[in-house]
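Hello,

Here is the structure I said I would pass on. My notes on the aromatic rings and on the model confidence follow below.

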Amino acid sequence: MRRIGWYAWVVCFAALVGIAPGASAAMQPQSGGTLIYAAGADPDNLDPANTDSNTGEAFGHMMYNYLVAFDAKVNLKPDLATSWTQSKDGLTWTFKLRKGVKFHDGTPFNAEAVKYNFDRFLGPEKPLKSGLHVPIIDSVEVVDEFTVRFRLKVPFAFFLNNLAHSASGIVSPTAHKKWGKDLTLHPVGTGPFKFVEWVRGDHVTLARNDDYYDGKPRLEQIVVKTVREDSARVLGLEAGDYDLIVRIPPEDVPRL
């Protein structure tokens, strides 16, 4: 339930910063500007395969895409995969991939990139979240440039849900080869916002990805401040230092 509640927050945040479709025309959304959000903690990691915190997951949803994703009602929808088929025995899944997508570093997204990411899970590196896929996935095969095939060890009804999990964000193979375990300091995805800097204990800055496949986000920049004390976040919100804060104390809600 905690995860579902957190996902609902991510969906609301995504809609607010302009990366979710369906906004009412009456709202007359504006473009440009910086959104400043006060979080209650630093992210533990900006590599989706190694994060184990709500803050880290929130950054993942802004910087990365997934083969499939959840919509606002937590239904599965296409993301980097446009369609998929399942064999009758449930052991083989074939995905058609979105064309024309590039990672923030210019690396093309294709079937080789998908295979690289999941071979990373299954291989000797064993990132923190490898347990999500190792018991289920046997192998990943490149069929052609924009078709990838997963072979499972056992039929698994929630396979697509696992692919939409925050840990399954697709990272740039070029960046991972270059940085390895230091990818957390140099995260590169295909998502609506690109990494700019992380000053530990203070803030993380993201900038708009003008080439985002699903349309350029409205905001130019997002700054997520680390503000651990509830009272400090409330004071900052009242002073206009923050546009959004997390965990408002119940006693402050009526006044705010």
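Phenylalanine 118 and phenylalanine 121 are about one helical turn apart, because they sit three residues apart in helix α3 (residues 111-122); helices (H or I, at least four residues) and strands (E, at least two) are DSSP runs, numbered from the N terminus. Both phenylalanine 118 and phenylalanine 121 are buried (under 20% relative accessible area, with exposed over 50% and partly exposed in between; 1.4 Å probe, protein chains only).

This is a predicted model, in which local features need pLDDT of at least 70, side-chain atom pairs count only at pLDDT 80 or more, and totals for chains, interfaces and linings use all residues. Residues are numbered from 1 along each chain as its sequence is written, and side-chain values use heavy atoms, with hydrogens and water left out.

There are 11 aromatic pairs in the structure (rings of Phe, Tyr and Trp, its six-membered ring, with centres within 6.5 Å; planes under 30 degrees apart are stacked, over 60 edge-to-face, the rest tilted). The rings of phenylalanine 118 and phenylalanine 121 are a tilted pair, because their centres are 5.9 Å apart and their planes at 35°. Phenylalanine 103 and phenylalanine 109 pair edge-to-face, at 6.3 Å centre to centre and 65° between the planes; both are buried. A cluster linked by ring pairs consists of Trp84, Trp93, Phe95, Phe118, Phe121, Phe150 and Phe159.

On confidence, the chain averages a pLDDT of 91, and 90% of the residues score at least 70 (pLDDT is the predictor's confidence in each residue, from 0 to 100).

Regards
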